[in-house]
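Grab a pencil and work through the exercises below. Try each task yourself before you read its solution.

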Amino acid sequence: MDRFQQRRRQRHKQKHGFVDKMLKDLQKMSWAPGCRPMFDSVLLPTMGFVKDGIRFYKRCHKPDRREFKRTAIAVGAGILVMGAVGYLVKILQIPMILTAYTTDL
């Protein structure tokens, strides 16, 4: 937990990142009359998406052994349950199909 607090403190020291500086510079630029709507409709949403992506990437961490094992067990159990349900549905479907063919004759 101490490792995460150190990362959080380091992140708070950085007040303005590259994307924020670039966005502010682009907003301060003098624009030709026809270019400003393109900036507002295309570039501003893109910059928000990039900022969110960078924030997500910084929050990601490599799982430790315990977390990886817990995730692997949960995924494996889910796959087994889904396989069992599919197998039961198929087993129940075969007699229903056979009875449908035998009643038509």
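## Exercise 1: a patch on the surface

Phe49, Val50 and Ile54 together make up a nonpolar surface patch with about 280 Å² of accessible area. That area comes from the Shrake-Rupley method with a 1.4 Å probe, where only the protein chains shown count as cover for residues. Patches take residues with over 30% relative accessible area and no salt bridge; like charges are joined within 9 Å, and nonpolar side chains (Val, Leu, Ile, Met, Phe, Trp, Tyr) within 5 Å.

Before going on, two ground rules. This is a predicted model: local features need pLDDT of at least 70, and side-chain atom pairs count only at pLDDT 80 or more, while totals for chains, interfaces and linings use all residues. Residues are numbered from 1 along each chain as its sequence is written, and side-chain values use heavy atoms, leaving out hydrogens and water.

**Task.** Find out where Ile54 sits and how accessible Ile54 is.

**Solution.** 
- Step 1: Ile54 belongs to helix H3. Helices (H or I, at least four residues) and strands (E, at least two) are DSSP runs, numbered from the N terminus.
- Step 2: the relative accessibility of Ile54 is 34%, so this residue is partly exposed. The scale runs from buried (under 20% relative accessible area) to exposed (over 50%), with partly exposed in between (1.4 Å probe, protein chains only).

## Exercise 2: a charged pair

**Task.** Work out which side chains meet in a salt bridge.

**Solution.** 
- Step 1: look for a side-chain nitrogen of Lys or Arg within 4 Å of a carboxyl oxygen of Asp or Glu.
- Step 2: Arg55 and Asp52 are three residues apart in helix H3 (residues 36-59), so about one helical turn separates them.
- Step 3: Asp52 has a relative accessible area of 44%, so Asp52 is partly exposed.

## Exercise 3: the whole chain

**Task.** Describe the fold pattern and say where confidence is lowest and highest.

**Solution.** 
- Step 1: there are four helices and zero strands, giving α-α-α-α along the sequence.
- Step 2: of the 105 residues, 5% count as buried.
- Step 3: pLDDT is the predictor's confidence in each residue, from 0 to 100. Helix H1 (residues 2-13) is lowest, with a mean of 63, and helix H4 (residues 65-104) is highest, at 90.
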